[in-house]
Amino acid sequence: MATKKYYAVARGHRPGIYDEWYGEKGAESRINGFQNALYKGFSSLKDAEEWLSQFKSKEDKTYFFQKKQSVSKTTSVSQIKNPEVSPKADEVTIYTDGGCHNNPGPGGYGVVLIYGKHRKELSGGFRRTTNNRMELMACIMGLKKLKRKCSVTLYSDSKYVVNGITKGWARRWQRNGWMRNKTDRAENADLWVQLLDLCNMHDVKFVWVKGHAGNAGNERCDQLATQAASQPGLPPDTAYEN
């Protein structure tokens, strides 16, 4: 897959083309919190311009290329119709991913936390675990880093995690003594308990993203998780091994 260098935002707080994903002037800040945002990554400026041109309306024949946190010389600030929405206090974006080799096997998790201009990466691994446990662990470790109650948008490519929260599966399992039904126990109860407790402490919105599809935050977490799982001397995932 070619490295994405340009990000075209057709619907967002400020539509345009950006050569950065993260940061105050990056593409990510233009789509976070914007309902039905539409954007795509490209390896060339020409491809980004061609894709974005199809969304120009009759009333608005311009779009903007944001380079190195500055507005293109061809566009004045007064032309921008959708001013940037300032991030609210205690509003955090978290990307997570987890996985393991051979499932079960050596596994790792990766997390990217973004708060205003601040960005932090986390990762860790275990000598024998599962994909689902590492997906859950990534969410837990990200939320544990928050020092006070926050409004969080958490992106994960795990339907197991996202559906477990958004569809109420995990809370139902918890009410039923961690039974999925009359005969089958819910797996990973030790991690679901921690995640549910953290969700009670914060206002967390879980969003599913397709893995390996050009989402910069997700791809970075995948790199962190893969690197962590490949480290020598990993500790045991005690709850799983026991």
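**Figure 1. The start of helix α7 in the predicted model.** At the start of α7, the backbone nitrogen of G217 has a side-chain oxygen of N215 within 3.1 Å. This is a polar contact, a term for a pair of N or O atoms within 3.5 Å; within protein, one atom must be able to donate a hydrogen and the other to accept it, and residues adjacent in sequence count only if both atoms are side-chain atoms. The model is predicted, so local features need pLDDT of at least 70 and side-chain atom pairs count only at pLDDT 80 or more, while totals for chains, interfaces and linings use all residues. Residues are numbered from 1 along each chain as its sequence is written, and side-chain values use heavy atoms, with hydrogens and water left out.

**Figure 2. Helix α7 and its cover.** Helix α7 comprises 14 residues, 216-229, where helices (H or I, at least four residues) and strands (E, at least two) are DSSP runs numbered from the N terminus. From first C-alpha to last, α7 reaches 20 Å, close to the 20 Å expected at 1.5 Å a residue; the expected span is 1.5 Å times one less than the number of residues. Its buried residues are A216, G217, N218, C221, L224, A225, A228 and A229. Buried denotes under 20% relative accessible area, exposed over 50%, and partly exposed the range in between (1.4 Å probe, protein chains only). The cover over these buried residues includes strands β1 (6-11), β6 (91-100), β7 (105-115) and β8 (118-129).

Figure 3. D97 belongs to strand β6, whereas D222 belongs to helix α7. D97 is buried at 3% relative accessibility, and D222 is partly exposed at 23%. Contact here means heavy atoms within 4.5 Å. With neighbours within four places in sequence left aside, D222 is in contact with D97 and H212.

**Figure 4. Strand β6 and its partners.** Nine of the ten residues of β6 are buried, so the strand is largely enclosed by the rest of the structure. Two strands pair if DSSP finds at least two bridges between them. Strands β6 and β9 (residues 151-156) run parallel and are joined by six bridges; in this pairing, E91 stands opposite S151. Eight bridges join β6 to β7, and these two strands run antiparallel, with C100 opposite G107. The hairpin of β6 and β7 has four residues between the strands, and N102 takes a positive phi near 75° there.

Figure 5. E135 is located in helix α3 (residues 131-144) and is buried, with a relative accessible area of 8%. Its side chain reaches the backbone nitrogen of G98 at 3.3 Å. Beyond neighbours within four places in sequence, E135 is in contact with D97, G98, S156, D157, S158 and V161. D157 occupies the loop between β9 and α4 (159-166) and is buried at 17% relative accessibility. Not counting residues up to four places away in sequence, D157 touches T96, D97, E135, W208, V209, K210, G211 and N218.

**Figure 6. S156 in strand β9.** S156 is part of strand β9 and is buried at 0% relative accessibility. A polar atom of its side chain lies 3.0 Å from the backbone nitrogen of S158. Residues up to four places away in sequence aside, S156 touches T96, E135, V161, V162, V207, W208 and V209.

**Figure 7. The whole protein as context for the close-up views.** The protein has eight helices and ten strands, and 43% of its 242 residues count as buried. Among contacts between residues at least 6 apart in sequence, 63% join residues at least 24 apart.
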